[in-house]
Amino acid sequence: MDQATTVDVLIIGAGFSGLGAAIKLVEEGFDDLVVVERGSDVGGTWRDNSYPGAACDVPSHLYSYSFALNPEWSRAFSPQGEIYDYIRRVTHAAGVRDKIRFGVEVTSARYDDTRERWTVETTAGEYDARVVVLGVGALCEPKNPEIDGISEFAGPVFHTARWDHSVPLADRRVAVIGTGASAIQVVPSIAPVVGHLDVYQRTAPWVLPRMDRAYPRFERALYRRVPGLQRAVRALQYVSREFQVVGLTRNRAALAPISALGRANLAMSVRDPALRAKLTPNFEIGCKRILLSNGWYRALTRKNVDVVTAPISRVTPEGIVTADGAEHPADVLVVATGFHVTDSPFFERVHDSAGRTLADKWASEGMEAYKGTTVAGYPNLFVLVGPATGLGHSSMIYMIESQLNYLVDALRTMRDRGLQTVEVREAVQDAYNRELRESTGETVWVTGCKSWYLDAKGNAPAVWPDFTFAFRRETREFDLSAYRRTAVDGAGTENPTGTPTGQAAAL
Ligand code: N01
């Protein structure tokens with residue numbers, strides 16, 4: 001068998017989080033680092049989600065790394081291609097591309113207590129790493145619907161995150177299943193092209209207008225010459241989004257103006273009362289992600305588009321049969337049914353020293369980490385975009401950068417103090433999550449709708465239930481006292497009470 005590649009830090013995934021980790025760690029002098037990426041390029045979700053109309057619903061200036069602002073965004077809300085290019089440019093400029101091994105998929109990561117290292121099996125051999133950083137993202141594993149007969153469908157079937165660009169849609173009958181953030185971007189883009197479009201809606205989303213506009217050349221030049229101005233615009237975008245947190249997490253009455261805007265948007269866009277009734281949401285605004293679109297409602301009023309609200313019974317080779325017995329012929333089936341978030345299959349590949357997987361631990365105990373990043377029982381593992389870091393209202397890159405501060409400070413602390421391992425104390429993690437659960441209990445996300453924020457038990461372990469600056473504050477520094485630790489030479493582990501002994505007592 002080939003020898004394992006020994007590396008100090010192994011980062012899994014080259015999307016916004018994994019790349020950010022590579023950039024920041026290399027900057028800090030952690031050069032013995034490899035990024036493994038299953039795809040053939042950087043970009044993660046922005047590489048994979050190339051469906052027609054894909055764009056960011058967070059403003060461009062805010063949806064970028066704070067250390068790599070881009071004055072060249074063409075619009076207030078950037079299209080996918082521009083974000084993908086941005087990530088590639090940043091990777092190149094930061095000089096980390098040669099750290100990335102493309103086409104390498106991790107099949108298992110196992111911590112070894114005796115060696116105090118991780119063994120990571122991949123499709124291209126084994127890595128032996130001291131520290132593992134999970135940068136696999138939360139929205140990376142497409143969730144395909146389990147519908148009777150779907151595998152018998154005669155035409156192409158694909159998920160929005162795996163768009164098959166070789167399939168022509170012009171003049172064909174297309175069915176789109178789902179009405180979430182992905183579907184509302186796809187539908188307006190393909191509706192003018194296809195012959196007929198059936199949109200299968202289980203739950204009508206809240207949709208607000210998207211205040212989008214192209215940035216004229218002079219404005220971009222201004223941002224280029226006066227970076228402070230771009231920072232000010234970014235700060236304004238950040239603050240205005242943060243106001244939503246009051247309504248989402250503390251006082252739902254504060255969401256009333258937003259729901260009034262949503263109702264007005266629907267009333268002004270859809271004149272037909274029957275269609276309007278179908279499209280009226282039946283849950284509290286904010287419970288699911290609030291969607292932004294200027295084209296969704298208009299697309300649904302087109303003559304060649306039908307909104308089907310009868311539940312899907314089964315798929316036949318020719319189309320879809322709904323519970324009312326109606327048969328809806330289709331040539332192409334697009335599933336816009338979201339992602340495995342709290343049940344990501346990747347968690348099945350991460351094992352503690354006793355062989356227990358993160359998937360098993362989180363399924364039975366709840367998906368919990370400490371500060372969204374570290375997990376008791378899994379030393380030297382740092383999870384980016386981990387539990388309780390998801391957002392519905394603002395930029396995930398802000399949360400990622402907060403975690404990067406924590407990660408970099410953790411590794412710096414370990415280096416300065418001669419530590420081999422750190423492992424968050426279970427009691428600290430439990431207390432942290434008790435508080436989080438109490439806060440989440442007050443939020444709009446647990447008011448009865450179904451969303452990817454929730455786990456099978458109806459808790460919302462995926463979202464951060466507070467202002468994002470509160471998360472930034474708590475991840476600013478690595479709090480070593482919350483961790484059990486061992487020294488580099490193996491001396492001085494801790495006794496079962498958590499009291500450091502030997503050399504570790506002095507660390
Ligand atoms: O997925 P979703 P998404 N039969 O889970 C329906 C990010 N994102 O890919 O609401 C019929 O939101 C399901 O119905 P219901 C963003 O964070 C960002 O759209 O559960 N329907 C729902 O309508 C977003 O939140 C951007 O009743 C079924 C839809 O499928 C996240 O990705 C753009 C079904 C799934 O909606 C996920 O968005 C796009 C079934 N069996 C996405 N199963 C940006 O702009 C599911 N559905 C940054």
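## Aromatic pairs

The structure contains 20 aromatic pairs. One of them joins Phe 158 to Trp 163 in an edge-to-face arrangement, with 4.8 Å from centre to centre and 70 degrees between the planes. Phe 158 and Trp 163 are both buried. The model described here is a predicted one.

A cluster is also present, in which ring pairs link Phe 16, Trp 46, Tyr 63, Tyr 65, Phe 67, Trp 73 and Tyr 86.

## Ligand surroundings

The ligand is surrounded by 22 residues, of which Asp 57, Ser 182, Thr 203, Lys 288 and Trp 452 are the closest.

At Asp 57, a polar backbone atom is 2.8 Å from a ligand oxygen. For Arg 202, a polar side-chain atom lies 3.0 Å from an oxygen atom of the ligand. In the case of Arg 289, an N or O atom of the side chain is 3.0 Å from an oxygen atom of the ligand. On its own, the ligand has 920 Å² of accessible area, and the protein covers 84% of this.

Buried here denotes a relative accessible area under 20%.

E19 runs antiparallel to strand E20, which covers residues 483-487, and five bridges join the two strands. Within this pairing, Glu 423 is placed opposite Arg 484 of E20.

Notes: Residues numbered from 1 in each chain as written. Predicted model: local features only at pLDDT ≥ 70, side-chain atom pairs only at ≥ 80, totals over all residues. Heavy atoms only, no water. Near = heavy atom within 4 Å. Polar contact = N/O pair within 3.5 Å; in protein donor to acceptor, adjacent residues only side chain to side chain. Areas by Shrake-Rupley, 256 points an atom, 1.4 Å probe, with all protein chains shown as cover. Pairing = 2+ DSSP bridges. Helix = DSSP H or I, 4+ residues; strand = E, 2+ residues; numbered from the N terminus. Phe/Tyr/Trp six-rings, centres within 6.5 Å; stacked < 30°, edge-to-face > 60°. Buried < 20%, exposed > 50% of the residue type's maximum accessible area, 1.4 Å probe, protein only.
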